[in-house]
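Here is a briefing on one structure. Read it with the model in view.

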Amino acid sequence: MVARLVIAAPSSGAGKTTVATGLMAAFASRGLAVSPHKVGPDYIDPGYHALATGRPGRNLDAYMCGTGLIAPLFEHGARGCDLAVVEGVMGLYDGAADQGELASTAQVAKVLKAPVVLVVDASSQSRSVAALVHGFASWDPEVRIGGVILNKVASDRHEHLLREALGGSGVPVLGVLRRAPAVATPSRHLGLVPVAERQAQAVEAVAAQGEQVRAGCDLDALLALARSAPELHAEAWEPDVAVRLSAGVPGGSGVPTRSTTPRVAVAGGAAFTFSYAEHAELLTAAGAEVVTFDPLRDEALPEGTSGLVIGGGFPEMYGAELSANEPLRKAVAELAGSGAPVAAECAGLLYLARSLDGRPMCGVLDAEARMSERLTLGYRDAVAVSDSSLAAAGARMRGHEFHRTVIEPGAGALAAWGLRQPERRVEGFVQQGVHASYVHTHWAGAPEAAARFVAHCGNGPVA
């Protein structure tokens, strides 16, 4: 049994990431093996979690993967650990739009039978904090709020007023944190700046967060609370089993039988930081050798590449550098032109376009991409429009969009997905082996995608 805590807040901006990352770093410095998790589709926070713990940050997303996979994915990530810290998303009870509690932090806490620590931004209140905490603690009796951490406290006098107000609430104060610029992490148009873009500064920030939490929180009480969580009785998710079972799913290809191991290249580096750890695990389970490369530095694809995965990230921040790497752009275009499977999501979609903000990209897609002031954000219920290296026509998959760019046209002659909410539309591109779309997907919820992709490596264009 893994001791566990869920770190939640009444709303975004209260300091969940700072507190969760600080707790991970503080407990790791005590010699505990800490498993880091994040509720929802966020890619950036898990990077800071990984820095604090030395383990992959893993997401728990009930919308994309299904509620039934939350506990197994948790057990998979937390295997062999002493403690798991799960950072929530948005406010405690906020989930997928018009879906009740689905994909909320509260739902994940209930599935994991984990006590919740509520992080409260106390900067503009004193006695009212008790009413706030009481409301959150009593809203859903199945959610156990085991303590509160008061963040952004101004002074000793302010702390006294807050503690006095909470004295009769029945929810213990487990930490008090002052305002501290050193622990701040810079943000931009899609949230925090990823670790890969500020490695040295990120290390310093995580260390400062750990020190702040050590000084301001009762770590012994928090650990005792984590250890009070009951046994889960859930079997850990296994990528090998998931891929084997996908053979019976419509559109699934099962584990390919071949005499050679296909090599799948996965884009990384500062421009392409968005990926889920389970994707590489599923590709490996499906029989591939997974190798990473950096489009900002490498002028060629890894030798023997027979499939290419280009996930999300921030190509718009590195447009000049990506464009200047003409040898790699040509190599990507040649691979795509050969019919090899290429899976591109969001940033990958932009990279495959003819241009991004006027700068030449790979030219695989006859489309132009540019930055936009409009934020596109939300879960997506998608149906495959065309047969591709990733999905059979008619296959259903859930995903997430998060970008401030547009691509014109928004869909090719063969579209990738038909989206059913929030408005009906088709989007993305399917041509030869290429599947390119704005929609981020989590293959743990659809392992047949990984199996199908690997099965097409070396087999030419999809029929």
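Helix 15 (residues 448-456) is mostly covered, with nine of its nine residues buried. Buried means under 20% relative accessible area, exposed over 50%, and partly exposed in between, using a 1.4 Å probe and protein chains only. The model is predicted: local features need pLDDT of at least 70, side-chain atom pairs count only at pLDDT 80 or more, and totals for chains, interfaces and linings use all residues. Residues are numbered from 1 along each chain as its sequence is written, and side-chain values use heavy atoms, leaving out hydrogens and water. Helices (H or I, at least four residues) and strands (E, at least two) are DSSP runs, numbered from the N terminus.

**Helix 15 and its surroundings**

- Among the buried residues of helix 15 are Glu448, Arg452, Phe453 and His456.
- Those buried residues pack against helix 10 (239-245), strand 10, helix 11, strand 12, strand 13 and strand 17 (396-408). Contact means heavy atoms within 4.5 Å.

- Six strands form an open, mixed sheet in the order 11-10-12-13-21-20. Two strands pair if DSSP finds at least two bridges between them.
- Strand 11 and strand 20 (429-431) are the edges; each has a single partner strand, so one side of each lacks a neighbour in the sheet.
- Neighbouring strands here are turned by 15° against each other on average, direction ignored. Axes are lines fitted to C-alpha atoms, for helices over the stretch in contact, and angles run from 0 to 180 degrees between N-to-C directions.
- Strand 10 and strand 11 run parallel, joined by five bridges. Ala265 has Val291 of strand 11 as its bridge partner.
- Helix 15 packs on this sheet, touching strand 10, strand 12 and strand 13, and its direction makes about 145° with that of strand 12.
- Helix 13 (residues 326-337) lies across strand 11, strand 12, strand 13 and strand 21 (434-437), at about 110° to strand 12.

**The second largest pocket**

- The second largest pocket holds about 740 Å³ of space. A pocket is an open set of points on a 1 Å grid over the protein atoms alone, where a 1.4 Å probe fits, with protein on both sides within 12 Å along at least five of seven lines; lining residues have an atom within 4 Å of a point. Grid points are joined across faces, edges and corners, and the volume is the space filled by probe spheres set on the points.
- Of its 35 lining residues, Thr273, Phe274, Ser275, Tyr276 and Ala277 are the closest to the centre.
- Helix 2 gives the largest share of the lining, five residues.
- Elements giving two or more residues to the lining include helix 11 (277-285), strand 10 (263-267) and strand 12 (305-310).

- An open sheet of seven strands is ordered 3-2-4-1-5-6-7, with parallel pairing.
- Strand 3 (58-60) and strand 7 (173-178) are its edges, each with a single partner strand, so one side of each has no neighbour in the sheet.
- Strand 1 (residues 3-8) pairs with strand 4 (residues 83-87) in the parallel sense over five bridges. Arg4 has Ala84 of strand 4 as its bridge partner.
- Helix 1 (residues 16-29) runs at about 170° to strand 4.

**Two residues**

- His37, in strand 2 (residues 34-39), is buried at a relative accessible area of 0%.
- Beyond neighbours within four places in sequence, the contacts of His37 include Met24, His49, Phe74 and Glu87.
- Arg374, in strand 16 (residues 368-384), counts as exposed at 61% relative accessibility.
- Leaving aside neighbours within four places in sequence, Arg374 is in contact with His403 and Arg404.
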